[in-house]
Amino acid sequence: MVSRRLKGFRDIAAADVLARDRMIVAIRGVYERYGYVPLETPALEYVDCLGKFLPEADQPDGGIFAFKNEDDEWVGLRYDLTAPLSRYVAMNPELPKPFRRYQIGPVWRVEKPGPGRFREFQQCDFDSVGTGSMLADAEACMVMCDTMTALGVSAKDFVVRINDRKVLNGVLESMAGPGEPLPPELASNVLRSIDKLDRVGLDGVKALLGPGRKDESGDFTKGVGLRPAQIDLVLAYLSIKASTRSNVCDELERLVGSSAIGREGVDELRQIDAALNAAGYDDRRVVIEPTVVRGLAYYTGPVFEGVLTFDIVDEEGTKRPFGSVFGGGRYDDLVERFTGQKMPATGSSLGVDRLLAALKAIGKVDATSSTAWVLVTRLDKNLTAHYQAIASELRGSGVNTELYVGTQGIGKQFKYAGDSGKIVAIVVGEDEIKSESVSIKDLRLGVELSKEIGADRKKWLEQQPAQFSAPRSQLTEAVKKVLLRYTR
RNA sequence: GCCGACGUAGCUCAGUUGGCUAGAGCGCCUGCCUGUGGAGCAGGAUGUCGCUGGUUCGAGUCCAGCCGUCGGUACCA
């Protein structure tokens, strides 16, 4: 058998699992602070409940992992947590509305994997179903801000950017002109081009909207083929820069002109602005950003994304922006697909894996891979009963403790303790038994001091500066004192 | 999905125009040191040269296909 692993899937070692778990605890804490309740749904769904199905081909859309079950029905791994939520709400009409749930779990997508992009990854979603109030959308922005704060990201490193699909539609409408509606296919191509702004720049978008664009590798992307006047309108829209949310709304209002849908969108943004102001989330933390489009599928109103604003330096030394970790918006038609009844909903999703990668890049996560802080060594294997007693005592007082169950000598045991991330090693031999004491070694202090060992190892061994003796009766107190040096 | 680059010890990489038993640094392991990891010294193992086939007297080196990684592009619910 050859050991191999599916492309885009990964093994996640202790340090990352532990770091991610700590993050999730913080994230749940924020979601629950706002009153969202947890929900779990299956990994597998009928493919038609996932939203994507190619009826003419009688098989699922590429992009989802799918197979036929024993009854010859197409089932697939969920690719997000929103479609299952819609299905759940449709199946449980008695739920009190608004229904506000959060869900944390893996999703699967057949996509080209890249750095920080996988085919299996964790999402942390929170949504409000059953209200069309902009209060819910404004709250989503607040939750995003609070979550990042709880994860130790300072306000200057994170910003929520919002926009409204109705505004975009308004622009498209006024672009088409009276009696000449924009074909839906064309409209979605325009949105797709706008979505590429941060990658290709304003000139790139201009080219994409017109004849097409050739990138540096010589690849040519076919353009949308708009008329120059139409392109200018889109560019004017994208170029809106304003100091405050309300100023942006004024600009947008001017641009959408007489479009009813556009005006409605601006009004929604104004309501969100008002709610945010009342709750104390100012113009620096949540900005209205006309260039935000987001996954073109089912969003019907406000869309938002949470963006890390710092650059990370990759291994080549190249700076690159980290980009969006939170994404969401309003999807008023999704539940209706199941029930036929109007059921407005809005919410947002956090990509924990991406965020973890970002926090690692700025050194905001400690990379410990151990769960025990103390190793009880076995100097004299005949004294194992004593060692077990010591380990039990420490565990009983809440100190995570590992008893060395290997077979090697004391030197190797210290190396193991250090390599496996322990903070303290306990040594007891005949001497300690006689004097009713324990020897406690601060492994990290040892590492520090060892930088100055020099050539005189003999002296080092005699002095053992990182080690001290404590009465056996004060074992726990002494150990805890050392642990406190490293605040965990 | 499409285009391109790359693929040699665990890691970072050398490896001449095809030519003897494939190298360095770091890391790892062992000993000096059977009550002490981190210093020093001495030693040791690193490996299907991505895989498969082809050209050749001979392939890490040349050719083809495949796999993988990276970059660009498309898609991204």
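# Chat about a predicted protein–RNA model

Reader: Thr 401: buried or exposed?
Author: Thr 401 counts as buried because its relative accessibility is 9%. Buried means under 20% relative accessible area, exposed over 50% and partly exposed in between, with a 1.4 Å probe and protein chains only.

Reader: What should I know about the model and the numbering?
Author: This is a predicted model, in which local features need pLDDT of at least 70 and side-chain atom pairs count only at pLDDT 80 or more, while totals for chains, interfaces and linings use all residues. Residues are numbered from 1 along each chain as its sequence is written, chains are lettered from A and ligands numbered from 1 in the order in which they are written, and side-chain values use heavy atoms, with hydrogens and water left out.

Reader: Back to Thr 401. Where is Thr 401 placed?
Author: Thr 401 belongs to strand β17, residues 401–403. Helices (H or I, at least four residues) and strands (E, at least two) are DSSP runs, numbered from the N terminus.

Reader: And what does Thr 401 touch?
Author: Leaving out residues up to four places away in sequence, Thr 401 touches Ala 372, Val 374, Val 376, Ala 391, Leu 394 and Arg 395. Contact here means heavy atoms within 4.5 Å. A polar atom of the Thr 401 side chain also lies 2.9 Å from the backbone oxygen of Val 399. That is a polar contact: a pair of N or O atoms within 3.5 Å, where within protein one must be able to donate a hydrogen and the other to accept it, and residues adjacent in sequence count only if both atoms are side-chain atoms.

Reader: Which part of the RNA does Lys 412 meet?
Author: A phosphate oxygen of RNA strand B, 2.4 Å from a polar side-chain atom of Lys 412. Val 447 uses a backbone N or O atom, which lies 2.5 Å from a base nitrogen of RNA strand B. For Ser 450, a polar side-chain atom is 3.0 Å from a sugar or linking oxygen of RNA strand B.

Reader: Which element gives the most to that surface?
Author: α13, with six residues.

Reader: Where does α6 bend?
Author: At Asp 203, by about 75°. The bend is the angle between axes fitted to the seven residues ending there and the seven starting there.

Reader: What do the buried residues of α6 pack against?
Author: They pack against α5 (184–195), β10 (212–214), β11 (220–222) and α7 (228–238).

Reader: And how far does α4 reach?
Author: α4, residues 165–176, reaches 17 Å from its first C-alpha to its last, close to the 16 Å expected. Nine of the 12 residues of α4 are buried.

Reader: What caps its N-terminal end?
Author: Asp 164 caps α4, with a side-chain oxygen 2.8 Å from the backbone nitrogen of Lys 166. Gly 177 follows α4 and has a positive phi, near 85°.

Notes. Expected span 1.5 Å × (residues − 1).
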